[in-house]
Amino acid sequence: MQDISPHASFLTEEAAGSRVRAVFISDVHLGTRNAQVMPLLDFLRCVDADVIYLVGDIVDFWKVRRGPHWPQTHNDVVQKLLRKVRKGAEVIFIPGNHDEVLRDYCGMQFGGIRLERSTMHTTLRGRRYVVMHGDEFDVVVRTAKWLAFLGDRGYEMALWLNAPLNWLRRSFGLGFWSLSAYLKYRVKSAVSFIGSFEEAVAAEARRHAADGIICGHIHHPSDRQINGVHYLNCGDWVESCSALIETLDGELRIVRWPVGVRDELFELTLPDEVPA
Ligand SMILES: [Mn+2]
């Protein structure tokens, strides 16, 4: 994950004032120490978009409740966004699970920022994308994680535990019961859940007759095809410092913005794909 995607070079060529059709930003977690605000401010300074989508978890109200970390730079992010509104940018804010308190206000406008539960973005080339935060898919993701753990070590351990477990059961007068077989059954039903996340993403896009889906939430930038649906994740500003942009000619690209090494950007040309 050290690499910077070739997409970043798009912005280095023209640097400040790069014009794009749309910018998608998620998971900034303002109000916490983890928010990488400086690179974000730098990114916002360099990019001018017709539409800015804030794809959730922009402000971390979970942490704010326990006493916010809110230095001036966090205000600067808000100010910068409001300034972009004044200069004519359309800003759509889709609250995530960390700023879900704002979900009650979906459909309303605040200082030119429109709150929506989810929305549809149409690219210049006419491709339609559902835009949502992505915590909606949490159930399946959690199950997939559990499976990954169980799949690697769990089953072998269960096999090994079968003997002592049944020795115990026998001494309590109970019949043989295979822990490993039980887990294997559970794993099998969980396997379908891995596909389920991908299915859920794809189904959501199909439900809206869309070509793809744009989300955040898992803090992992991604650009790939899932069952014929274009899945894009704009990443985050906690670890990956990444965003999604639609260029003026209608191409969707993940952009990575390295932390505090702006000048080095001009020398970097890296060939690697953005890791999925
Ligand atoms: Mn989230």
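Let me start with Tyr231, which counts as buried because 20 C-beta neighbours lie inside 10 Å. The cut-offs are these: a residue is buried if 20 or more other C-beta atoms lie within 10 Å of its own, exposed if 12 or fewer, and partly exposed in between, with C-beta atoms placed from the backbone. This is a predicted model, where local features need pLDDT of at least 70, side-chain atom pairs count only at pLDDT 80 or more, and totals for chains, interfaces and linings use all residues. Residues are numbered from 1 along each chain as its sequence is written.

Tyr231 sits in strand β10, residues 229-233. Strands (E, at least two residues) and helices (H or I, at least four) are DSSP runs numbered from the N terminus. Apart from neighbours within four places in sequence, Tyr231 is in contact with Val201, Gly212, Ile213, Ser222, Arg224 and Ile226. Contact means that the C-beta atoms, placed from the backbone, lie within 7 Å. Ile214 is 17 residues away along the chain from Tyr231, and their C-alpha atoms are separated by 6.3 Å.

Now the whole chain. It has six helices and 12 strands, and 31% of its 276 residues are buried.

Next, helix α2, residues 37-46, where Leu40, Phe43 and Leu44 are buried. They are on the same side of α2, because they cover an arc of only 95° around the axis, the arc being that of the directions from the helix axis to the C-beta atoms. What covers these buried residues of α2 includes β2 (47-54), α4 (72-86) and β11 (242-246).

How do α2 and α4 cross? Their axes come within 10 Å and cross at roughly 25°. Axes are lines fitted to C-alpha atoms, for helices over the stretch in contact, and angles run from 0 to 180 degrees between N-to-C directions. The two helices, α2 and α4, are therefore roughly parallel to each other, a term for angles under 35 degrees. Among the residues of α2 that meet α4 are Val37 and Leu41, and those on the α4 side include Thr73 and Lys80. Helix α4 also lies across β2, β3 (90-93) and β5 (113-115), at about 135° to β3.

Last, the sheet. Seven strands form an open sheet of mixed pairing, in the order β4-β5-β3-β2-β1-β11-β12. Two strands pair if DSSP finds at least two bridges between them. The edge strands, β4 (109-110) and β12 (252-256), each pair on one side only. β11 and β12 pair in the antiparallel sense over five bridges, and Leu244 stands opposite Ile254 in β12.

Conventions. Contact = placed C-beta atoms within 7 Å. Parallel < 35°, antiparallel > 145°, perpendicular 65-115°, else oblique.
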